[in-house]
Structures are given as C-alpha cells and as structure tokens.
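Dear colleague,

Please have it open beside the notes that come after it.

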Amino acid sequence: TAISSGMAMSQAGASIIDIGGESTRPGAEAITLNQELARVLPPITGMSRQNLLISIDSRHAEVMTRACAAGAAVINDVEALRRDGALDAAAASGVPVIIMHMQGQPENMQEEPHYDFAPVDIYQFLEERIAAAMTAGIAKSDIAVDPGFGFGKTVAHNLQILNWLSIFHGLGVPILFGASRKSTIAKLSKGEPADKRLAGSLALATAAYRQGAQMLRAHDVAQTAQALAVEQALLLAE
C-alpha cells in the first residue's frame, strides 16, 4: 500500500516522497527503534527500486543509517540532528539533510510554547544547527531548513513564521515549509478534521511559495501542484 501510494504521489507531481515510521504529531507516544525500522525499511526498499527520490523522516541515527543504505536519498529530521549520533550518522550517509525547529517534544510541545519573537528565535536556532552540521562534515550545499510550522507553536506563532518566512533565506540554504492539514487551519476556520483541511492547506502552501520556499510538504499532491502552477503563472506574468 505504501509503495503504490508513493508511486501515485510521484505521478501526481511530488519530487520527493517522505517516509516516516514514528508519528510526531502533538501528544504522540514514542515507539521502539525496531518498530520504526520495520515500518520504514520495506517501503524505502520498494520505492527506491522504482527510482523514486525518498527522504527518511526520522530522529534516530540508526534509522537514518539503515534507511540510506536501503535507498533513502535525503534525511529529514524534526529534531535538527540533536539526538545521540544523529550528526555523525547524517554526515557519514553523504546525503542532503533537512533540519527542522521544534520546541519541546511531540508529547508536550503544544502545552505552553513560548518565544520572544518566533521568527527570530527560530532563525537563530537554525543558524546554530547549520553550523553544527557543517562542523560535523556536512556541506552547506547539502543542508535545508524547516521552521517547523505547528511543532511547539501557537496559532499566532505559526502565522508569524509564515508572514516572516522570507527572512530564512538569510540562512543561505533552501527552505522547506510544511503546513498541510495542520491543526492551525481548523483553529482559524470551523474546527474541521484533518482530512477536511485542503483549502486551508493550499492557502498556506501558496503563501509560502510566494515568499520563496523551495520545498513544500503536502498530503494532497495533485491539488497542491495545480495551486502552485497557477501561483507560478501569476508570479511570472507581466
């Protein structure tokens, strides 16, 4: 099912298929390393044989190493390579990395998020993690950042991040933005469940694209691709 889903997303316009075995949604409980490996390795192996570009969404060094050996070509870490061995594992893998900002842990990150000013605080954190990654031997040309919309942020923090997204270009690396189906959409609207947040997801995606985000993480690939095609045409029109 995972492989056919990945193939469908690729055909709908996805450039990278992000595979993760551990939920990091607010309140999510931890799973064992073996559970995570059992969930991610078979679809990575299958999809890489279909020549799909795969990112492994993991916080754990051993998962990163084994996923890259199985065919993953990007490491996407919501903890910005802060876990034991993660920096070394990422450097040894030789693949590009995406480092994300998260305040707290998934099980508690939404309890009381606090920032002096979210965009600047997050910028400084990502600047430090880029430096740490480079010290570990990862080339700056192999690093991208994600400000972590929804990860230890209130609705107000999330809106600040998007409105100030263009400042992250100052870090000199590509920006990944992921707000697809996030709860902020429901809180700004009528409390819709995750699978009823497409319109809000597209509004956030096009706003991020307009500020120069080079990568957008999405669930609804075909719809997002169509929205971006229109947005692109608007930006290029004379």
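**Strands around β4**

Strand β3 (residues 74-77) pairs with β4 in the parallel sense, over three bridges, and please keep in mind throughout that this is a predicted model. Within that pairing, Asp 77 stands opposite Ile 99 of β4.

**His 101**

His 101 lies in the loop between β4 and α5, and with a relative accessible area of 7% it is buried, because the cut-off for that class is under 20%. Its side chain makes a polar contact of 2.8 Å with the side chain of Lys 153. Leaving aside residues up to four places away in sequence, His 101 touches a set of residues that includes Val 78, Tyr 115, Phe 125, Asp 146 and Phe 151.

**Helix α6**

In helix α6 (residues 155-163), the buried residues are His 157, Asn 158, Ile 161 and Leu 162. They lie on the same side of α6, because the arc they cover around the axis is only 135 degrees. An α-helix has 3.6 residues a turn, so residues three or four places apart point the same way. The buried residues of α6 pack against α5 (118-135), β6 (176-177), α7 (183-188) and α8 (198-210). Leu 159 also lies in this helix, but at 33% relative accessibility it counts as partly exposed. The C-alpha atom of Leu 159 is separated by 9.0 Å from that of Thr 184, a residue 25 places away along the chain.

**An aromatic pair**

The count of aromatic pairs comes to three. In one of them, Phe 117 and Trp 164, the ring centres are 5.1 Å apart and the planes stand at 80 degrees, so the pair is edge-to-face. This pair links distant parts of the chain, with Phe 117 in the loop between β4 (97-100) and α5 and Trp 164 in the loop between α6 and β6, 47 residues apart. Phe 117, at 25% relative accessibility, counts as partly exposed, and Trp 164 is partly exposed as well, with a relative accessible area of 42%.

Notes:
Residues numbered from 1 in each chain as written. Predicted model: local features only at pLDDT ≥ 70, side-chain atom pairs only at ≥ 80, totals over all residues. Heavy atoms only, no water. Buried < 20%, exposed > 50% of the residue type's maximum accessible area, 1.4 Å probe, protein only. Helix = DSSP H or I, 4+ residues; strand = E, 2+ residues; numbered from the N terminus. Arc of directions from axis to C-beta. Contact = heavy atoms within 4.5 Å. Phe/Tyr/Trp six-rings, centres within 6.5 Å; stacked < 30°, edge-to-face > 60°. Polar contact = N/O pair within 3.5 Å; in protein donor to acceptor, adjacent residues only side chain to side chain. Pairing = 2+ DSSP bridges.
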